[in-house]
Amino acid sequence: MDSKGNFPKREERVPYGRAIPNEIPKKNNKKSKKKLSPYRQKYNAQHNIKPIKRKKILRKGMPAKNRRLLTLIIGILAVVLLLLILFRQNGKEVFIGETSMGIVKDKSITPDALTETLLAQLRQEVGANIQINETIDVKPVHISKSREKDVCKMEYLIPSMRQKVTYLVEAAAITVDGKEVVIVENQEEANAVFESLQSEYIPEDASRNIIAGFKENVQVVLKYVDPSVIVAKENAIQTLKSGTKVQKTYTVQAGDALYKIAALFEMTQEELKAMNADTIPSNGNLQVGWVLNVMAEEPMVSVKTEETVVLTEVQERKTVYQQDNTKNKGYQKVTEAGKDGQKEITKKITRINNEIISEEVVDEKTTVEPIDEIIVQGTK
């Protein structure tokens, strides 16, 4: 306060603890040097040890914006690392179609490897090539605690998949004129069926040269089928032997009777009479040479055989007449007896179910030349 008891003006007031009004105190940035002890000063002087001047390292502070960006990046990396740890794919889930079969920890497993393993087991079990109907897939998964119960070993997984899959088997389909008729186990089984059908029309005489086949175009096609449609060899033979009734003709032979012909073609006598009302009289008597209409069962396949036979035939001698005007008429004398010759004829005989349908001469040659018979006749 002044002598009049008034307070000084604001700008004239002296801050507390300051000697000079409005004077801003100076900061002492100089660091106080640490003084050495008298003993140390004496030691340094004796050994000529000078104090080390340390260079000041200027530190430049990072801008606040960059520090925030760095913090954000570090935070994001930490979150990503945490997610990788928590949700990493450490297993593979195996599917058959849409059905999960389990999880395995072997991350190297592939759908092709699983499929080939199943095919190998099925081929060994069935004894034929196999085609699996379902699609096998593998998807990477994270094995969480809730899914640990689904983890299984391959020793359990493969048998479980074997029970789940369905499959087709490679088999031999027999076709007749392009139409599929019956399916057997394999090509060997189909060949056995053909041999059985043909053996009925091949004689046991091994010296006869017979080639057997079928009249129809019979083929074997390999295909994948459901195992339930495959039939045994005996059933396949019966199917191929069966057929439909077709109208044919029959020529009456010596010793035939109405009931015999009807039984031959598995008909009743009434059916046979009805088909031949204009030929068979009411008393049922038949004559040799009559051609009758009959209903015969034509099998699905007919066995065609071609037999090559060599026949020996007599080549008759010729008779040559010579005129002699020195002899009276009526005179006749054999001056050269002559002799028959021989020739070999090679024929190809074609049969359908043992019925001859054609004979063809493929070769003919004379083995013994005939000698002409000479007869002299008088003309005087």
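Modeller: Let us start with burial: a residue is called buried when its relative accessible area is under 20%, exposed when it is over 50%, and partly exposed in between, using a 1.4 Å probe and protein chains only. The model shown here is predicted, and local features need pLDDT of at least 70, side-chain atom pairs count only at pLDDT 80 or more, while totals for chains, interfaces and linings use all residues. Residues are numbered from 1 along each chain as its sequence is written, and side-chain values use heavy atoms, with hydrogens and water left out.

Biologist: Is Thr 346 buried or exposed?

Modeller: Thr 346 has a relative accessible area of 15%, so it counts as buried. In the protein chain, buried residues make up 24% of the 380 residues.

Biologist: In which strand is Thr 346 found?

Modeller: Helices (H or I, at least four residues) and strands (E, at least two) are DSSP runs, numbered from the N terminus. Thr 346 belongs to strand E14, which covers residues 341-352. The protein chain has 8 helices and 16 strands.

Biologist: With which residues is Thr 346 in contact, leaving aside its neighbours within four places in sequence?

Modeller: Contact means that heavy atoms lie within 4.5 Å. With neighbours within four places in sequence left aside, Thr 346 is in contact with Thr 308, Val 309 and Val 310, and also with Glu 360, Val 361, Val 362 and Asp 363. For the protein chain, 73% of the contacts with a separation of 6 or more are between residues 24 or more positions apart.

Biologist: How should I read a residue that lies in a loop?

Modeller: Consider Asn 276, in the loop between helix H8 (269-275) and strand E10 (291-299). Asn 276 has a relative accessible area of 3% and is therefore buried. Leaving aside neighbours within four places in sequence, Asn 276 is in contact with Val 291, Leu 292 and Asn 293. A polar contact is a pair of N or O atoms within 3.5 Å; within protein, one must be able to donate a hydrogen and the other to accept it, and residues adjacent in sequence count only if both atoms are side-chain atoms. A polar atom of the side chain of Asn 276 lies 2.6 Å from the backbone nitrogen of Asn 293.

Biologist: Which residue has a positive phi of about 55° although it is not a glycine?

Modeller: That residue is Asp 177. Asp 177 lies in the loop between strand E5 (167-176) and strand E6 (179-184). With a relative accessible area of 53%, Asp 177 is exposed. Asn 353, a residue other than glycine, also has a positive phi, near 50°. Asn 353 lies in the loop between E14 and strand E15 (355-368), and its 23% relative accessibility makes it partly exposed.

Biologist: How is a pocket found, and what is the volume of the second largest pocket?

Modeller: Rolling a probe the size of a water molecule over the atoms shows where empty space is left. On a 1 Å grid over the protein atoms alone, a pocket is an open set of points where a 1.4 Å probe fits, with protein on both sides within 12 Å along at least five of seven lines; lining residues have an atom within 4 Å of a point. Grid points are joined across faces, edges and corners, and a volume is the space filled by probe spheres set on the points. The second largest pocket has a volume of about 720 Å³. It is lined by 25 residues, of which Tyr 201, Glu 297, Glu 298, Pro 299 and Asn 353 are the closest to its centre.

Biologist: Which element gives the most to the lining of the second largest pocket?

Modeller: E10 gives the most, with 6 residues.

Biologist: How far apart are the C-alpha atoms of Val 368 and Gln 342?

Modeller: They are separated by 4.7 Å, although Val 368 and Gln 342 are 26 residues apart along the chain. Val 368 is found in strand E15 and is partly exposed, with a relative accessible area of 34%.
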